[in-house]
Every structure is written in C-alpha cells, then in structure tokens.
Amino acid sequence: MTIIAIVSQKGGAGKTTLAVHLAAAAERRGEVALIIDADPQATASQWAAWREDQPPEVIDSAPPRIAAKIRQAEEAGATFIVIDTPPHADAAASKAMEAADLVLIPCRPSAFDLAAVKTTAKLVKLLAKRAWVVFMAGAPQAERLHADAGKLVETYGIAACPHRIADRAVFRHASALGRTVFEIEPDGKAAREAERLYMWACEQVGLTTCDYVEEVTR
Ligand SMILES: Nc1ncnc2c1ncn2[C@@H]1O[C@H](COP(=O)(O)OP(=O)(O)OP(=O)(O)O)[C@@H](O)[C@H]1O
Ligand SMILES: [Mg+2]
C-alpha cells in the first residue's frame, strides 16, 4: 500500500486539489484509492459529496485517528491512500507525515507561500521523511520564476518536484463540480500535468502502475 501525505501550513496552497487528483489518477490506473480528509474544513469530503460518492472514496479523520483509519482501509482493500491536511495545523501535519511513504508540499511560486514552506520543512526534518515541494498554480511558462523558487526551497532542505501543476482554470471548474480535470478535459494540459505528477510519485515510492504511462502522455 502507498501512502502520500499532502502537507502545507499555508492556506490555499493547493493541498486538496493535489490530493483529489493524485487519488483520481491512481483510481484510473487500477488502484483502490482513498482520500483521508484530516481537514476540519472538510473540503475533500464536500467534493466527494458533490460527485455523489463516485470513486475515489473520501473518509474524514481526526489527526490522532489517521493511523487506525489507514489500518482499516488496508483491511478493506485500499492500495493507494492520500491524506489531505488542514493549513496552520502542526498536529495534523505530523500525524499525516508519520504515516506516509512520501510527503508532498504544494506551494504557489510566490514569496508568501515560499516563506511558509520553511515551517513545513522543519517538520519534515524532524520526522526524517522523504518530501518534495510541488509547485502549484504558477504561470504555465514561468521557467525562471520556478527555477528561482526551486533554489529557494532547496535552502530549506527540500527539493522541488520536477513536475508542476500550472494555473489552469479547469482545476477550479472541476473542483466546483465535484469532478477532476481527467473527467472534464481528459486530453487537456491540466490532465497531462496531473498524470505526470502521479507517475512521478509512483516512481518515488516504487509503485509499478507507472507502466501505463504511454496511454496518457501521448
Ligand atoms: N493548478 C491550479 N490552477 C488553478 N486553480 C487552482 C490550482 N490549484 C488550486 N487551485 C484553486 O485554488 C484554490 C485553493 O486550492 P485548494 O483548495 O486545493 O487549496 P488548499 O491548500 O487545500 O486550501 P486549504 O488550505 O484551505 O485547505 C481552489 O479554488 C482551487 O480550485
Ligand atoms: Mg484543502
């Protein structure tokens, strides 16, 4: 079973967007995906309600119950778990990270968001976890901006993921409908970026579903 924690102390960084798209990508590739929504705002749970509980399944969890919920999910057949966490909450972030094989830190490439990565980086170090910053919602072509942002997060001891999810309106449209970009624009750039990120995450954790990559990056 693969467990990915999505963590960022900054509000609106793209945690829930990343969580639902990784889980949806996994489901499309034959995994039994589950999102554990550890955020009291319950955004991922709301998204699941809007999509009338079409997979991926979303369950909520108070932070101290995350480990128990993972055990139950594994017994029930889940193979790919994504934990979505709230902003400004060290306890939830810690519990999610403790359980995870891989920690992803979504971050917009802006000064305030980048500064907030420092706090999350300290937690990552404390828990000795494999973690990457994933740049979210930046301008699609802003290579220089992202290169500079990547260098900055490296000074906090965390590398930037080589794949990023650009600012694309379809992400906002999809969320508002309780859907994913895979369902709305399956051949669009947003879907391709989300799929690539998923494949890359699979490589990081040694998950072999990456074999299907050809079908989606054509
Ligand atoms: N790549 C993107 N392109 C366009 N809009 C995006 C992108 N990623 C996220 N958004 C939008 O940004 C807003 C915040 O995203 P999201 O809810 O995923 O952040 P969050 O980190 O989960 O927020 P919170 O800290 O409140 O839980 C949402 O309206 C979402 O649709
Ligand atoms: Mg959220």
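This is a predicted model: local features need pLDDT of at least 70, side-chain atom pairs count only at pLDDT 80 or more; totals for chains, interfaces and linings use all residues.
**Overall fold**

- The protein chain has ten helices and eight strands; helices (H or I, at least four residues) and strands (E, at least two) are DSSP runs, numbered from the N terminus.
- Of the 218 residues in the protein chain, 46% are buried (20 or more other C-beta atoms within 10 Å of a residue's own; exposed means 12 or fewer, partly exposed in between, with C-beta atoms placed from the backbone).
- Among contacts in the protein chain with a separation of 6 or more, 74% join residues 24 or more positions apart; a contact means that two C-beta atoms, placed from the backbone, lie within 7 Å.

**Helix 4 and its neighbours**

- Ala-92, Ala-93, Lys-95, Ala-96 and Met-97 are buried in helix 4.
- The buried residues of helix 4 pack against strand 1 (2–6), helix 3, strand 4 (80–84), strand 5 (102–107) and helix 5.

**Helix 4 with helix 5**

- Helix 4 (residues 90–99) packs on helix 5 (residues 111–127) at an angle of about 40 degrees, with the axes 10 Å apart; axes are lines fitted to C-alpha atoms, for helices over the stretch in contact, and angles run from 0 to 180 degrees between N-to-C directions.
- Helix 4 and helix 5 are therefore oblique to each other (angles under 35 degrees count as roughly parallel, over 145 as roughly antiparallel, 65 to 115 as roughly perpendicular and the rest as oblique).
- On the helix 4 side, Asp-90, Ala-93, Ser-94, Met-97 and Glu-98 meet Thr-120, Leu-123, Val-124 and Leu-127 in helix 5.
- The residues of this contact of helix 4 with helix 5 are five nonpolar, two polar and two charged; Ala, Val, Leu, Ile, Met, Phe, Trp, Tyr, Cys and Pro count as nonpolar, Asp, Glu, Lys and Arg as charged, and the others, Gly among them, as polar.

**Helix 3 with helix 4**

- The axes of helix 3 (residues 66–75) and helix 4 come within 9 Å and cross at roughly 35 degrees.
- Ile-66, Ala-67 and Ile-70 in helix 3 meet Lys-95, Ala-96 and Ala-99 in helix 4.
- This contact of helix 3 with helix 4 has five nonpolar, no polar and one charged residues.

**Backbone points to check**

- Most residues other than glycine have a negative phi, and most peptide bonds are trans.
- Ala-128, in the loop between helix 5 and strand 6 (131–138), has a positive phi of about 50 degrees although it is not a glycine.
- Ala-128 is exposed, with 8 other C-beta atoms within 10 Å.
- Ala-137, in strand 6, has a positive phi near 60 degrees.
- Ala-137 counts as buried, with 21 C-beta neighbours inside 10 Å.

Methods:
Residues are numbered from 1 along each chain as its sequence is written. Chains are lettered from A and ligands numbered from 1 in the order in which they are written.
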